[in-house]
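Please read them beside the model.

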Amino acid sequence: MTFLTNLDDTTLKAGAVPTFALSQRGRAGMQLLGAVQKYSSGVLRPMAAEAFEADKRGKELAAQHAAAEPGTSARERINAAREVCERDNVYRLERFIQRWVAEENFNRGIPAIEERREKFEAFNAAQGETELLGTLDLAAEVSVPKYYDQVEWHLEPGGWDGYDLYGALFAYGVGPYVFSHGGYAAVGVGDDITKQRVNTIKQFPKASYARIYEPGCGGVSTLKAVNAVFPEAELHGSDLSPLLLKNGQKMASRFGFPVHLKLADAAHDTGEADESFDGVITYALHHELPPKANREMFREMFRIMKPGADIVLSDPPPFRAVSMFHAVILDWDTEHREEPFFSAVLHDSLDAMLKEAGFENVESYAIGQDQYPWVTRAMKPASAPQAEAA
Amino acid sequence: MGHAGDEAGLGSPGGGRVMEPTGKDYLGPDSVTDVARMLMALVSEVWIMRDRQIVTEHLLETNGSVTREELDEFVPSGDLAAQITAERDRFARLVAGAPIAAVRRSVPEILERAGLKAQAAAN
């Protein structure tokens, strides 16, 4: 769940307003964050990994972690491995830089956008004159879940709706200048998250889909990728954030594809009809929900999917699928980049949750470096009675 | 032969004279991270000025003159964008890599941090 973070103007529809640009100061400040993060994750982190693997205790823990029956819990191993890592100056420096960049994305990014507010609002107004495609339904009275309220995801001040120009900040600052280098959270160094989304969509097993749904669709980054792979599909999505949805419809319209977006808590009630979708996609969503809410969401997805429909999920890999050192790196996000459910979900199993909800043919695998993106896919049984979803 | 500092219990390990304590340690060891934040804020400001200098030189070479508004609005592209990216990466490498420069000091490593390749074997 995020704002749109990569505006490729070469795919804009004819006549669309061209991309809005930061000032020299704003641009250079954000670009430095990207350069420092790239150095940190590309040079310092491999050095720290090498030191961990050369350490006697580190070796023992890595061997335990890779064993079929480790004899200790993943939590115990990660805690012990973190102690080994934290003895290393380079590890601590790398983690400091990761934290600093995560803070500065907003400390430096918000002023970079704010100083261009007048220009952005003019750009936004010009964009608003173009026809909005699809539908936007914000009418539902949705109770914000306790787990979602008050969380400043990824250190974002005020949470997803905390600043009216967060859409611009991600589209014109953090996205192109910082995220584009990869090397943060589960994203591998140098990885392009836009290509990763498209590669994930390609994991749908059928050649064509009539109607695809995305819970937690945010600013339509993923639906844009769905449109690239399945241009024939009618796209629907929901989110808890009105700001993300409004931005999402504008952005989709700018690129010339219609989306049907609805304010909803997809873990409880999407407001969609039974057996009405051929496919469901989620991207980087489940680690932002507590395991209980994930289970509820899968039951709701099962209800709205047609028999034989496919579900494809992409989320950070489970701890069991990555190296001991990388498990420490992923676990770090929970406490240091405001991801309260990150570790709980990575300890759990999305495969098991899907099976519990009634899905079959459940499988999970990596399609990129460091086991990311980690894809889990499954199918609703072709003859599934709807009662199984209960 | 002793130093005045030795008499006061302030002798340095190297035998040289050391300064007397300047008073309370206001920041304390727990503030090292905050000092690093201050340093990185300064690093950002230095880079923004360096980027502006490169853009200024480019506009002067291209147009013969430059205004503040042209600088503020300028978005580098093509060769200039590539040149700035290379300079920014070198800058980030020298700053964030400074701690490891204390221990990784071979000629190739020093040249690599500076964005250069070794041309000949060290004598």
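1. In strand β3 of chain A, the residue A:E234 is the bridge partner of A:R211. Strand β2 (residues 211-215) of chain A runs parallel to β3(A), with five bridges between the two; strands count as paired if DSSP finds at least two bridges between them. This is a predicted model: local features need pLDDT of at least 70, side-chain atom pairs count only at pLDDT 80 or more, and totals for chains, interfaces and linings use all residues. Residues are numbered from 1 along each chain as its sequence is written, and chains are lettered from A and ligands numbered from 1 in the order in which they are written.

2. β3(A) also pairs with strand β4 (residues 259-263) of chain A, in the parallel sense and over five bridges. Here A:H236 has A:H260 of β4(A) as its bridge partner. Helices (H or I, at least four residues) and strands (E, at least two) are DSSP runs, numbered from the N terminus.

3. Strand β3 (residues 234-239) of chain A has five of its six residues buried, so it is largely enclosed by the rest of the structure. Buried means that 20 or more other C-beta atoms, placed from the backbone, lie within 10 Å of the residue's own.

4. Between chains, 20 residues of chain A are in contact with 22 residues of chain B (C-beta atoms, placed from the backbone, within 7 Å). On the chain B side, α2 (32-63), α3 (68-73), α4 (78-96) and α5 (98-101) each supply at least two residues. The largest share, ten residues, comes from α2(B).

Technical notes:
Buried ≥ 20, exposed ≤ 12 C-beta atoms within 10 Å, placed from the backbone. Contact = placed C-beta atoms within 7 Å.
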